[in-house]
Structure formats: structure tokens, C-alpha cells
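Morning, everyone. Let me put the model up, and then we'll walk through the ligand site.

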Amino acid sequence: MARQLSLSSSFKLNSGYEIPLLGFGVYQTPPSDTSAAVQEAIKAGYRHIDSAAFYQNEAACADGMLKSGIPREEVFFTTKVPPNSISYEAAKREIGKSLREVSQLKYIDLVLLHAPYGGREGRLGGWRALVEAVEAGTVRSIGVSNYGVHHLEELENYIKDTDAKQGKGKGGTLSVNQIELHPWLQRKEIIDWCQKRGVLVEAWAPLAQANRWNDPSLRDIVKRTGKTEAQILLRWSLQKGFSPLPKSVTPSRIVENTKVFDFVLSDSEMASLETDEYDYHGWDPTTSGLDN
Ligand SMILES: NC(=O)c1ccc[n+]([C@@H]2O[C@H](COP(=O)([O-])OP(=O)(O)OC[C@H]3O[C@@H](n4cnc5c(N)ncnc54)[C@H](OP(=O)(O)O)[C@@H]3O)[C@@H](O)[C@H]2O)c1
């Protein structure tokens, strides 16, 4: 039986901060529509917004968060250092830029390196810039996105070495790895690595970008439960222990995607959604080499 979950369920990050499990994604949401979508989401009960410098809608997210009327500290805001800026200098500059974009928020809850690019020096330099932002008090928690196990191990070794040489905590605390995840892309090794260390796995494209609605196992569960495809995929993600980040600009869907706490997928339903497929959308930096 899955543990009891609700719209206000949260996860305690390795940083010590709580993050609401159900997030709201804004990739490809035009800046002009983002404030309204974020306000709609907060009205529906989301308390976690997932943006990125690359999406060009950080300021509009902050605007929506403030206009929602919900106190700032009750809504968790994530942004990401762009994939082409993964080095110490560039990441420092980008974090400063993001902080200016959302200056009304006073601080950023979570900053991720968007991709494991830049080679070893770039990745670890980018990480160092994140650690400094936490030390400066402008960012609360830090993490990575699209990291495979080889990238995670490189980072873990760096953190251990730095802690040993400079004192505990100096290497920084890894709180999150955000990767694409849904039944057709399950990435068990990465998940295992993260969950053993208390690193929260966030699921991007948790709806597989609405591309797999005709899957026979999914269709069966739709018929049996009366729930929609989207609701079943989000419930699957939550029962796996992930933090799913569904995106929508459609008010009815924004609400629909929150109605995932009044049913449970049985063990056999979860098993029927197991696949060996590797169906990714757009990009897959998790497999890129350490030299990239
Ligand atoms: N770290 C990364 O590299 C990375 C990459 C991609 C995404 N992300 C994050 O993850 C979030 C989600 O990923 P995603 O946007 O790629 O894909 P997604 O959430 O799996 O799918 C979004 C698509 O599904 C549609 N949709 C949403 N709810 C629906 C429902 N109930 N019924 C039918 N269709 C529905 C949306 O349409 P409408 O909007 O038209 O309603 C949109 O076309 C992003 O917004 C972003 O925050 C991160």
C-alpha cells in the first residue's frame, strides 16, 4: 500500500528544507502566459514552481507567485543554470541574473545545474558557484538535472574530498537530481543511486508530454479507475517516490493534475506499467560522456 499522500505532502531535502512533492512545470510556457498559469496553479493548490533561466519566464513566475496572495515562503521556487553556462564564472553570472529576475522573491529555494555539460572542470566549477550562493544566503538548496550515475559519482567524490580538506559542508549538499521519468523511461540505476542517498528524484515530462495516451496498460487502468491518463501517470510517479512536475497552460488540466490523491494504484497496476522502453523526449544528457 502506498504511503498516504496529499496535495500538501512534502519531502525533506538533504539541505533540511521541505519541498512540496507535486510541482508545476513551465517549460515552453510563453512569458506572457506564465504569470496567469502560475496564479491558476497556486489557486489549484500547487506550492512548487519549476522554471529555468532557459525558459525565459523566471520573472513571470515570480510575478504570479506574488500576485497569488499566498505568502512567499509557502511557495517553493526552482530555477536552473543554463546548459551552456556550466562553469564557475558563467554559473556565478547566471545565478546573479536569476536572482535579479526574481528579486521580489528575496531568495531562490532551489537552483540546479541544468545539464552535466562543460567537462569535469565546468561541472565542478558550476557546482562551486552553487555552493557559494548557498553560503551567501541567496539560494537555499542546490542540485543537478539530467545527471547520469557517472556524473553523480564525480560530484559525490568532489564533495567528499572538499569536505575532508576544507571541513564538513564545504563541498556542498546535493539535494535533487531532476531527470525525465515516466513508465517508458524508468532509469532504475539513477533512481537507486539517488534514493539510497536521500537525493530527491524530480520527474520531468511526467506525462511523457501527452504522447503515450494509447498505451494498452494505461488504457486498462483508465477504464478501471475512471481516472484520466494524466492522473494515472502522476500517481505512478508519486508512488515511485518522485516529485513530478507536470506542465499545463490549460486551467482545467492544471486542476485535473492535482486530483491524484483520492486513489491508489494497486501493486498489479504499478507492475502493468513497468516497461523496458527508453523513450526520451528532446534530449538525453544523462548518457553524455564525462568529457562533454
Ligand atoms: N530539466 C530538464 O531538462 C527539463 C526538460 C523538460 C521539462 N522540464 C520540466 O518538467 C516540466 C514538465 O515537462 P514537459 O513540459 O516537457 O512535459 P509534460 O508535463 O509531461 O507534458 C506537458 C504536455 O502535456 C499536456 N497536458 C498537461 N496536462 C494534461 C492533461 N491533464 N491532459 C492532457 N494533456 C495534458 C500539456 O498541454 P497544455 O499545456 O496545452 O495543457 C503539454 O502539452 C517542464 O515544464 C519543466 O518544468 C525539465
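First, a term. A pocket, on a 1 Å grid over the protein atoms alone, is an open set of points with protein on both sides within 12 Å along at least five of seven lines. A molecule sits in one if more than half of its atoms lie within 2 Å of its grid points. Here, the space taken by the ligand is the largest pocket.

Ground rules. This is a predicted model, so local features need pLDDT of at least 70, side-chain atom pairs count only at pLDDT 80 or more, and totals for chains, interfaces and linings use all residues. Residues are numbered from 1 along each chain as its sequence is written, and side-chain values use heavy atoms, with hydrogens and water left out.

Which residues come nearest to the ligand? Asp-50, Gln-209, Lys-247, Ser-248 and Thr-250, out of 29 around it. Around means a heavy atom within 4 Å. That shell divides into 15 nonpolar, nine polar, Gly among them, and five charged residues.

Now polar contacts, meaning N or O pairs within 3.5 Å. Gln-209 places a polar side-chain atom 2.8 Å from a ligand oxygen. For Asn-146, also through a polar side-chain atom, the figure is 2.9 Å. Ala-208 uses a polar backbone atom, 3.5 Å from a ligand oxygen. Taken alone, the ligand exposes 910 Å², and the protein buries 89% of that (Shrake-Rupley, 1.4 Å probe).

Key
Polar contact = N/O pair within 3.5 Å; in protein donor to acceptor, adjacent residues only side chain to side chain. 1 Å grid on protein atoms, 1.4 Å probe; cavity = no way out; pocket = protein on both sides within 12 Å on 5 of 7 lines; lining within 4 Å.
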